[in-house]
Amino acid sequence: MDKKKLLSHGKKAFDMLESALDSRTKELTRVAAAHGFTYVGRGDQGELAVEGMLLGIPGNRESNDVVELTGDLSIQVGNNGWKYGPVDNDFRPSRRGYIAVQHRLEVPHMLAVSSGFGAKSVLNVGSAVLRLSVGVLVGGFDPDSPIDSFGRDSEKLPLPKDSGFKALCEKGRIAAGSELLTPEALQIMSRLTGSFDIEIRSGWVLIYSNYGDLVTPDQETWDWLLSSASRVIDLLRLWGAGPEWAHGWEQYAQEWVERPRKLGGTLSPRRWSKD
């Protein structure tokens, strides 16, 4: 094949990829708007308002297909970082999704991850740079990264044996952390950690999906993420935001929506790709 034909084929392939990406962006913009969100696109943690230590893993900072709800209630949803290997029974690689809800409460920095049978959280499988061992978070590429610093400066929270998750709290704030874990809060967190890792910090509560992308055109996934965001609002109401906080959010879901069956496979660290 001569050089001109090769360049021509390359341009056609590029144009097709650009057209597909543009089509996806338009579809996500439309779907996000239908749920009251604005499509932002992509950015790394330094460019986005949300702070989350699992969004700052070295080499894993970029979030894609970010959508935001702003105003009296601020929520950000995105697909973060590297693409992991195929989800079980699905050969499409997937990022992990996250939901971040902003608040103005004084809370200790905490992390809750599932400890149930067969649990495959972002921390112990998905990221492949982290692990939870004897209740102490260790690992990572950068000893000064937020996740590693938290691992050194946190303590295990005492929890009921049937809570279904493990929790760490910043040192010196165990009493404050334990006060948040009322029976009602534990019930909500126990169900959430069936699908998410939970980070509680000043300014934000973030939940990180262990089942791939959250921002997609799929309506069932949107129903699930809106219900999950609503449960975070329920937690913040319990912790002091008040029963009427975020009362005017039209997308608030009174009932739990279970994770769609199509998202039944957990993330695998196989076949890493940044594409």
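**View 1. Aspartate 65 is found in strand 2, which spans residues 63-69.** The model shown here and in the other views is predicted. Aspartate 65 has a phi near 50°, a positive value in a residue other than glycine. With a relative accessible area of 13%, aspartate 65 is buried, because buried means under 20%.

**View 2. Alanine 246 also has a positive phi, although alanine 246 is not a glycine.** Its phi is about 60°. Alanine 246 lies in the loop between helix 6 and strand 12 (268-273). The relative accessible area of alanine 246 is 14%, so this residue counts as buried.

**View 3. Phenylalanine 37 and tryptophan 222 form an edge-to-face pair.** The structure holds two aromatic pairs. In the pair of phenylalanine 37 and tryptophan 222, the ring centres are 5.7 Å apart and the planes meet at 65°. Planes over 60 degrees apart count as edge-to-face, so the angle of 65° places this pair in that class. Phenylalanine 37 belongs to the loop between helix 1 (3-34) and strand 1 (38-43), while tryptophan 222 belongs to helix 6 (residues 219-241). The pair therefore ties together parts that are 185 residues apart in sequence. Phenylalanine 37 is buried, at 4% relative accessibility. Tryptophan 222 is buried at 1%.

**View 4. Arginine 24 of helix 1 is shown with threonine 216.** The C-alpha atoms of arginine 24 and threonine 216 are 9.1 Å apart in space, and the two residues are 192 residues apart in sequence. Arginine 24 has a relative accessible area of 32% and is partly exposed, because that class lies between the limits of 20% for buried and 50% for exposed.

View 5. The buried residues of helix 5 are Ala185, Leu186, Ile188, Met189 and Leu192. An α-helix has 3.6 residues a turn, so residues three or four places apart point the same way. On the face of helix 5 turned away from the buried side are the exposed residues Pro183 and Gln187.

**View 6. Glutamine 187, in helix 5, is shown with serine 163.** Glutamine 187 has a relative accessible area of 55% and is exposed, because exposed means over 50%. Between the C-alpha atoms of glutamine 187 and serine 163 the separation is 7.7 Å, and along the sequence it is 24 residues.

**View 7. The charged ends of arginine 191 and arginine 231 sit over the ring of tryptophan 256.** For arginine 191, the charged end is 4.2 Å from the ring centre. For arginine 231, the charged end is 5.5 Å from the ring centre. Arginine 191 is found in helix 5. At 39% relative accessibility, arginine 191 is partly exposed. Arginine 191 can also be located relative to glutamate 258: the C-alpha atoms of these residues are separated by 9.6 Å. Along the chain, arginine 191 and glutamate 258 are 67 residues apart.

**View 8. The second largest pocket has a volume of about 190 Å³.** Its lining consists of Arg191, Leu192, Gly194, Ser195, Phe196, Trp224, Ser227, Ser228, Trp256, Val257, Glu258 and Arg259. Helix 6 gives the most, with three residues. By class, five of the lining residues are nonpolar, four are polar and three are charged. Both Arg191 and Trp256 are part of the lining, and the charged end of arginine 191 sits over the ring of tryptophan 256. Leu192, another lining residue, is one of the buried residues of helix 5.

Definitions and conventions
Residues numbered from 1 in each chain as written. Predicted model: local features only at pLDDT ≥ 70, side-chain atom pairs only at ≥ 80, totals over all residues. Heavy atoms only, no water. Phe/Tyr/Trp six-rings, centres within 6.5 Å; stacked < 30°, edge-to-face > 60°. Helix = DSSP H or I, 4+ residues; strand = E, 2+ residues; numbered from the N terminus. Buried < 20%, exposed > 50% of the residue type's maximum accessible area, 1.4 Å probe, protein only. Lys NZ or Arg CZ within 6 Å of the ring centre and 35° of its normal. 1 Å grid on protein atoms, 1.4 Å probe; cavity = no way out; pocket = protein on both sides within 12 Å on 5 of 7 lines; lining within 4 Å. Points joined across faces, edges and corners; volume = space filled by probe spheres on them. Nonpolar A, V, L, I, M, F, W, Y, C, P; charged D, E, K, R; others polar.
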